[in-house]
Amino acid sequence: LRALRAQQPFAAAGAQRAAATARRLMPLNNDEDPEERMQRATEYLEQVRAGNGTAAIADAEPKAAEVVNDNEEGSVFSRLVDFPCEFQMKIIGLRERDFHLDMVGIVSEVTGVDKDAIRFSVLDKGKYQSVSVFAPVTSAEMLYEVYEAVSKDERVKFKI
């Protein structure tokens, strides 16, 4: 990565984004080589950039990317994330009232976990507040429910 960064700074930045995506979306299995995991993430991102629909990582050997039907509820997350897990969500919204506590409360309601047990961090930037919430989800369907519930708050402007 260092050699790539020196020769092609924009390509290096892309490689860093791919690595971050791999870490976030594809939890490392103890028996999986990190380089294989990075290769899967790269193949996934190439399919997305090529506009071939929603790409997801196949569970079958050899591990390679495949295109998934977007109409299947939970299909993308169920293939990309090992459940149960603490899924990190970033929610950006207007800095009004107790925005961060409200977002933690929404996650708590959907997941059925006490809000005091949910980890989160807050970053204030002027008019907006960014909240990283580690949502304890047990399935892709529950993760979609969390995103849907968060979206209903009119203060939410963006969520990842």
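Mentor: Happy to. Helices (H or I, at least four residues) and strands (E, at least two) are DSSP runs, numbered from the N terminus. This is a predicted model, where local features need pLDDT of at least 70, side-chain atom pairs count only at pLDDT 80 or more, and totals for chains, interfaces and linings use all residues. Residues are numbered from 1 along each chain as its sequence is written, and side-chain values use heavy atoms, with hydrogens and water left out.

Trainee: How many helices and strands are there?

Mentor: There are six helices and six strands. Along the sequence their pattern reads α-α-α-β-β-α-β-α-β-β-α-β.

Trainee: Which residues of helix 5 are buried?

Mentor: Buried means under 20% relative accessible area, exposed over 50% and partly exposed in between, using a 1.4 Å probe and protein chains only. In helix 5 the buried residues include Phe 99, Met 103, Val 104, Ile 106 and Val 107. The buried residues of helix 5 pack against strand 3, strand 4 (120-125), strand 5, helix 6 and strand 6 (156-159).

Trainee: Zooming in, what is Val 104 in contact with?

Mentor: Contact means heavy atoms within 4.5 Å. Leaving aside neighbours within four places in sequence, Val 104 touches Lys 115, Ile 118, Phe 120 and Val 133. Val 104 and Phe 120 are 16 residues apart in sequence, and their C-alphas are 7.5 Å apart in space.

Trainee: And why does Val 104 count as buried?

Mentor: Because its relative accessible area is 3%.

Trainee: Let's switch to the core. Which residues have the most contacts inside the largest one?

Mentor: A nonpolar core is a set of buried Ala, Val, Leu, Ile, Met, Phe, Trp, Tyr and Cys residues joined through side-chain atoms within 4.5 Å. The largest has 24 residues, and Phe 87, Met 89, Ile 91 and Val 150 have the most contacts inside it. Helix 4 (75-80), strand 3 (85-94), helix 5 (99-111), strand 5 (128-137) and helix 6 (140-151) each give two or more residues to this core. Helix 6 supplies the largest share, six residues.

Trainee: How many aromatic pairs does the structure hold?

Mentor: One. Rings of Phe, Tyr and Trp (its six-membered ring) pair if their centres lie within 6.5 Å; planes under 30 degrees apart count as stacked, over 60 as edge-to-face and the rest as tilted. The ring centres of Phe 87 and Tyr 147 are 6.5 Å apart and their planes lie at 75°, so this pair is edge-to-face. Phe 87 is in strand 3 and Tyr 147 in helix 6, so the pair links distant parts of the chain, 60 residues apart.
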